[in-house]
Amino acid sequence: MTQDAPRKVVILGQGYVGLPVSMRAVEAGFDVVGFDVAKDKVDRLRSGHTYIDDIASEDIAEALATGRFLPTDDPADLAEFDVAVISVPTPLRDGAPDLSYIEKATDCIAPYVRAGCCVILESTTYPGTTEEIVVPRLEEVSALRAGADFQVGFSPERINPGDPLYGLKNTPKIVSGVDQESLDAVAEFFGHLVDTVVPVTGTREAELAKLLENTFRHVNIALVNELAMYCHELGIDVWSVIDAAASKPFGFMKFTPGPGVGGHCLPIDPSYLSWQVRRTLGRNFRFVEIANDVNDHMPDYVVTRATANLNTARKAVNGSTILLIGLAYKANSGDARESPAIAVAHRLADLGASLRAVDPLIPTDHVPAGIEIVDCTETEVAGADLVIVLTDHRVVDWELLERHADKVLDTRNKLRNPAVDRL
Ligand SMILES: NC(=O)c1ccc[n+]([C@@H]2O[C@H](COP(=O)([O-])OP(=O)(O)OC[C@H]3O[C@@H](n4cnc5c(N)ncnc54)[C@H](O)[C@@H]3O)[C@@H](O)[C@H]2O)c1
């Protein structure tokens, strides 16, 4: 860090995004205040315990040991900050963006805004949020002007939980500001945390870039999901089709089908975009609508396939014991938010199935009532009428499942045995 680099950094929101940023900022030499309104999270951090897959308890203990990491829920600890990063949730409420968390976090930091400080929004949101929601609230309370007196910018997070290759440091980070000085300040700060910053002119462009990234993924997953459903009816192996197409070294990017999309990003972010287009232009963003339609339908489709599979063995879903492999929304993560596996579980439970599930990563208090978490053992697999692979965690005993292939519905193409019923 350079001599005149800002020293006190406050990160509002210590979740999947904010906590890794806090850890990295401590590592880079900053004094870091990890502020969160959830007291239980703050208590866990204070006692050196993690609640995020990608951050180990040892990382938190090390950060605390430097004396430069202060987890807190007391807004007074935000005083005299040099850089504030807002990493709070941006969910949907009744299908519309819910910016209340951003508003509250902005109001929390506003009293401490002073000349020369820098406020950076990291939460994913629709274009215009930084300048229309964050800036006016900061200016009103501080009686200072964004750009002229203090800096404001937007820098979307690209963290990919569970990714062994790309972490915060080696993933290029988009930075933007309300003016050139703000852009420079945001780029300067994140330049200490990541290998590459990507300056973008304008906060709206940076906000939309993040939505484009996730909408691109959402639409392409919908494309292969729809293809998978048609391929099944046509008697064509969709996985071979995709692998064959992916041998093209240019102009094709591989996406794979699955039981639907989950997490905090794909089921939500594209709807921020379509909501804004509808509100501002009065038109539908058709690609997003279609992608939502297809991806939202996938849990139902999996249940239809499960029903057909049991039917072949002259069994009904009602009364069957179904073993679900994986409840998290993606492999090697314990994150069950918006998980399509949970949607499948709810639908099967409604139809009268008795559900057991193997997922060593998901916290027990995130497991819906009525699902018993079990180990992946010979007895469990043999005792199930049907096994459905929903999440392909590395830690699962895949060889054991191969041995029982004739009763497995695999939505992730994880098993090789030809007797497996693949999506
Ligand atoms: N999880 C991901 O993989 C990911 C990736 C890229 C971007 N994002 C985006 O980053 C943002 C944060 O997502 P997340 O996954 O970290 O959410 P999260 O729920 O894991 O964490 C958000 C944290 O903010 C806290 N919080 C809420 N209101 C607050 C306030 N007023 N002040 C301080 N803390 C407050 C919550 O208690 C929670 O701990 C969202 O906009 C999300 O879309 C998430």
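Numbering starts from 1 along each chain as its sequence is written. Because the model is predicted, local features need pLDDT of at least 70 and side-chain atom pairs count only at pLDDT 80 or more, while totals for chains, interfaces and linings use all residues; side-chain values use heavy atoms, with hydrogens and water left out. Helices (H or I, at least four residues) and strands (E, at least two) are DSSP runs, numbered from the N terminus. Two strands pair if DSSP finds at least two bridges between them.

Strands of a sheet pair through backbone hydrogen bonds, either parallel or antiparallel.

Within this order, strand 1 (residues 8-12) and strand 4 (residues 83-86) pair in the parallel sense over four bridges. Val 10 has Ala 84 in strand 4 as its bridge partner. Strand 8 and strand 9, in contrast, run antiparallel and are joined by two bridges, with Phe 154 opposite Ser 176 in strand 9. Strand 9 and strand 10 run parallel, joined by three bridges, and Lys 173 stands opposite Val 197 in strand 10.

Strand 9 (residues 173-177) is mostly covered: five of its five residues are buried (buried means under 20% relative accessible area, exposed over 50%, partly exposed in between, with a 1.4 Å probe and protein chains only). In a regular strand the side chains alternate between the two faces of the sheet. In strand 9, Lys 173, Val 175 and Gly 177 point one way and Ile 174 and Ser 176 the other way, and all are buried.

Apart from neighbours within four places in sequence, Leu 70 is in contact (heavy atoms within 4.5 Å) with Val 32, Val 33, Gly 34 and Asp 77. The C-alpha atoms of Leu 70 and Pro 156 are separated by 24 Å, the two residues being 86 residues apart along the chain.

A second open sheet has six strands in the order 13-12-11-14-15-16, and the pairing is parallel. Here the edge strands are strand 13 and strand 16 (421-422), each pairing on one side only. Strand 15 (residues 408-410) pairs with strand 16 in the parallel sense over two bridges, and Leu 409 has Asp 421 in strand 16 as its bridge partner.

Asp 359 sits in the loop between strand 12 (354-358) and strand 13 (371-373). Asp 359 is buried yet has no salt bridge, and the nearest side chain of opposite charge, Arg 412, is 9.8 Å away. A salt bridge here is a side-chain nitrogen of Lys or Arg within 4 Å of a carboxyl oxygen of Asp or Glu; Lys and Arg count as positive and Asp and Glu as negative, with His and the chain ends not counted. The side chain of Asp 359 does reach two backbone nitrogens: that of Leu 327 at 2.7 Å and that of Leu 361 at 3.0 Å.

Gly 326 is among the residues in contact with Asp 359 beyond four places in sequence, as is His 393. Gly 326 lies in the loop between strand 11 (321-325) and helix 11 (340-350). With a relative accessible area of 0%, Gly 326 is buried. Its contacts beyond four places in sequence include Ala 341, Val 358, Leu 390 and Thr 391.

Most residues other than glycine have a negative phi, and most peptide bonds are trans. Asp 94 has a positive phi of about 50° although it is not a glycine, and is found in the loop between strand 5 (92-93) and strand 6 (96-97). Asn 413 also has a positive phi, near 55°, and lies in the loop between strand 15 and strand 16. Asp 94 is exposed, at a relative accessible area of 81%, whereas Asn 413 counts as buried at 16%.

Notes
Polar contact = N/O pair within 3.5 Å; in protein donor to acceptor, adjacent residues only side chain to side chain.
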